[in-house]
Amino acid sequence: MSLTLTMLIYASFIAILLVVIFLPRRGLLALWRASRLDVQRHRIEDALKYIFNRQQEDDPASVDALAGALNLNKHKAMTLASDLREQGLVQPNLRNLVLTPEGQRWALQVVRAHRLWERYLVDEARVPIEQVHNIAQKREHGMTTSQIDALDASLGHPALDPHGDPIPSPEGKLRKTGGHQPADLPLTQLEVGQSGQIFHMEDEPPVAYAQLVAAGLALGQVVTVLERTPQKISLAAGVNE
């Protein structure tokens, strides 16, 4: 093989390699950048949803709590908190993480997508309820408002997710119906002999939720406290109402 032909083959190989790497939108570099952006967006959305949920419980989130919830080290959590502040998603100059109106809007969109996916997975896909949270956790990201609206419409605009949590409306308001009201009591506050109807079951941590499901507890069920100790609560479960 002549030197000229060898150089031509080599140059062609280099040219093809450069195209594969630098091709706009479909090149390796573009795909790598897009993947990095997706990871960053997902992390931001997870953070916003976590902060939102903490605020709903009147328990402000700290950077350390955010690190634990998202399984990040302290440095990455601090960097993430700084990014949230720079993007105007959390309030500046506060010790705890508090959402701005824009952060609240974005968080509600993620929460709405998550809870609608849980509703779809239970009602349409017939996925076992103890599995829907983890699946919805992956599908909630990157959805446009129109895509979320379409999912909402296809499900008939449900008010509650399968765990009894309210699904935000398109306007960002939490739609509450039935017995899921602020005056409801946690099970731990019922005395022996008292009865109550289950209107909400916390789905995190998933292991604890799976145990509740395995015990036969479900939304709408009437339960009576038979025994209370510091370690456990024994119940008699009736039929759903």
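On a 1 Å grid over the protein atoms alone, a pocket is an open set of points with protein on both sides within 12 Å along at least five of seven lines, and its lining residues are those with an atom within 4 Å of a point. The structure examined here is a predicted model, in which local features need pLDDT of at least 70 and side-chain atom pairs count only at pLDDT 80 or more, while totals for chains, interfaces and linings use all residues. Residues are numbered from 1 along each chain as its sequence is written, and side-chain values use heavy atoms, with hydrogens and water left out.

The largest share, nine residues, comes from H2.

The second largest pocket has a volume of about 150 Å³. It is lined by Arg105, Leu108, Gln109, Arg112, Thr145, Ile148, Pro168, Ser169, Pro170, Glu171 and Gly172.

Eight salt bridges are found in the structure, a salt bridge being a side-chain nitrogen of Lys or Arg within 4 Å of a carboxyl oxygen of Asp or Glu. Arg112, which also lines the second largest pocket, pairs with Asp152, the closest N and O atoms being 2.9 Å apart. This pair links distant parts of the chain, since Asp152 lies in helix H7 and Arg112 in helix H5, 40 residues apart. Salt bridges that share partners join Arg112, Asp149 and Asp152 into one network. With a relative accessibility of 0%, Asp152 counts as buried, the term meaning under 20% relative accessible area, with exposed over 50% and partly exposed in between (1.4 Å probe, protein chains only).

A further salt bridge joins Glu140 to Lys49, with the closest N and O atoms 2.9 Å apart. Glu140 lies in the loop between H6 and H7 and Lys49 in helix H2, so the pair ties together parts that are 91 residues apart in sequence.

Conventions: Helices (H or I, at least four residues) and strands (E, at least two) are DSSP runs, numbered from the N terminus. On a 1 Å grid over the protein atoms alone, a cavity is a set of points where a 1.4 Å probe fits but cannot get out, and a pocket is an open set with protein on both sides within 12 Å along at least five of seven lines; lining residues have an atom within 4 Å of a point. Grid points are joined across faces, edges and corners, and a volume is the space filled by probe spheres set on the points.
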